[in-house]
Amino acid sequence: MNKTIRRASVFTLLLVLALLGRATWVQFYEGQALADDKDNRRNAIETYSAPLGNIIVGGRSVTGSAPTKNSDLKYKRTYTDGELYAAVTGYASQAYAPTQLEGIYTALLNGTDNRLKSVMDTITNQRADPGNVVTTIDPDVQKAAYDALGDKKGGAVAIDPKTGKILAVVSTPSYDPSSLTDANTAGEAWKKLTSDPEKPLTNRALRQPLPPGSTFKLVVAAAALEDGLYQSVDDKTDSPDPYTLPGTTRELSNENPNAPCTDATIRTALQYSCNNVFAKMAVQLGQDKVKAMAEKFGFNDDQLDVPVRAYTSVYPSDMYPSQTALTGIGQFDVTATPLQMAMVSAAIANGGKLVSPHMVSQITNSGGDVLQDYDDEAGSKEIVSSSTAEQLQSAMQTVVDKGTGSNAQIPGATVGGKTGTAQHGENNSQVPYAWFTSYGKSDSSGKEVAVAVVVEQSNAARSEVSGNGLAAPVAKAMMEAALKD
């Protein structure tokens, strides 16, 4: 054979082998990655080739599917009361990645979860009928929170202390997930939502940590009682008023200059929200002990899934004593979500035990057979002793009966709570955040609920911004809905 022809043949053979090798690599090693690529439209075509499974609230589907027109995506997601449940469902969009429960249970809702497949589905590699997500959300509590927040910017969470079931997750202002479902119109809606300065896509109930203000005093009080710094909520503390922050000349005063905060008991200090008492108490305990108690309640947990991943609530480290003092009143670098502060009240209401909070009860197949039961899997852990919990319950009741939380009083129910007004902006230059966290127990039925509410902004004048004035009425509405017979 001619030398030139032989070389050309060998080169051609190498090219063929390289082509076969590359094709083999793509087919067997990169095929799944290409199939899963977000830009692969075949995935969207497959996902929306049939109706999706549904998210259930109170025995009713709050999601659905509708046929599309003039599109290779045959169905699109629909929502009933979309704005009311947006913080729970999130959205399933033909154009954008799904969020909230829609995102977590994508495979279940579109039928690709292997747990849905029958033997025949496995043999034929057919897509199974989609499953459903059954939530723990109570529609009455959800609506009560949403209506009570109204045009205020804020978030609210309600938890059943005994079971850990999340009864409400509300964030305002909200949005209608239906506006994002259709690929032909989602782009315009997305631009509008993401450019809105009110940030309606932000889940303020689960993923917007803010300074908790005086609601954090419950955590400091729990640490003081558990540590033995004080034996009872009725022991007098060593608390000068005003209190000078350690290492500084700055005096920490109280909102009410006439409040009996000098050497006040924990009960009185919670009743009047005495800053001097809890600032000094945090310094006496030291940041490590306060941090340890905060972490028992759930602070600094970066893997809190309910099952939506909640944003981390933070208690800081490596502080000066003056900064530790400020954390005692829920300021400096302390942040919390409404979920976190609801967990604090839930643990106190439940005798010191925190049951894992969760907003999905079960997931089922299309026939209603349970694939996983989260209610049965909910664990619990002791946060404080039953004695400490009982004392804090009593002190929180005083806050509502005689103190700063009077707007949360409910006839026929025992209610305990704690207000908070957290500074916002440099030198408190912006409107403060209004907080309220509480628990309620029906005197007749024994039903219980724990709630937390934050109002970031409202139409109220700055002088009228308070936990009792803005947040407590929202909490009251939620508790009344949860406790009704």
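Modeller: Before we discuss single residues, one convention is needed: a residue is buried under 20% relative accessible area, exposed over 50% and partly exposed in between, with a 1.4 Å probe and protein chains only. The structure is a predicted model, in which local features need pLDDT of at least 70 and side-chain atom pairs count only at pLDDT 80 or more, whereas totals for chains, interfaces and linings use all residues. Residues are numbered from 1 along each chain as its sequence is written, and side-chain values use heavy atoms, with hydrogens and water left out.

Colleague: Why is E198 called partly exposed, and what makes its contact with K153 a salt bridge?

Modeller: E198 has a relative accessible area of 33%, which falls in the in-between class and therefore counts as partly exposed. A salt bridge needs a side-chain nitrogen of Lys or Arg within 4 Å of a carboxyl oxygen of Asp or Glu, and the side chains of K153 and E198 meet that rule with an N to O distance of 3.3 Å. K153 lies in strand β6 (residues 153-159) and E198 in the loop between α9 (186-195) and α10, so the bridge ties together parts that are 45 residues apart in sequence. Helices here are DSSP runs of H or I with at least four residues, and strands are runs of E with at least two, numbered from the N terminus.

Colleague: How many salt bridges does the rule give, and what makes K143 and D147 one of them?

Modeller: The count comes to 15 salt bridges. Among them is the pair K143 and D147, whose side chains meet at 2.6 Å, N to O. Both residues lie in helix α8 (residues 139-149), four residues apart, which is about one turn of the helix. K143 has a relative accessibility of 44% and D147 one of 45%, so each of these residues counts as partly exposed.

Colleague: Why do D113 and R115 fall into the classes they do?

Modeller: D113 counts as buried because its relative accessibility is 13%, whereas R115, with a relative accessible area of 42%, is partly exposed. Their side chains meet in a salt bridge at 2.9 Å, N to O.

Colleague: What makes the packing of α10 against α12 oblique?

Modeller: Helix α10 (residues 217-227) and helix α12 (residues 275-285) pack at an angle of about 50 degrees, with their axes 10 Å apart. That makes α10 oblique to α12, because angles under 35 degrees count as roughly parallel, over 145 as roughly antiparallel, 65 to 115 as roughly perpendicular and the rest as oblique. The axes are lines fitted to C-alpha atoms, for helices over the stretch in contact, and the angles run from 0 to 180 degrees between N-to-C directions.

Colleague: Why is α10 placed in another class when it is set against α13?

Modeller: The axes of α10 and helix α13 (residues 287-297) come within 9 Å and cross at roughly 110 degrees. That makes α10 roughly perpendicular to α13.

Colleague: How do you know whether K418 is buried or exposed?

Modeller: K418, which lies in strand β14 (residues 413-424), has a relative accessible area of 0% and is therefore buried.
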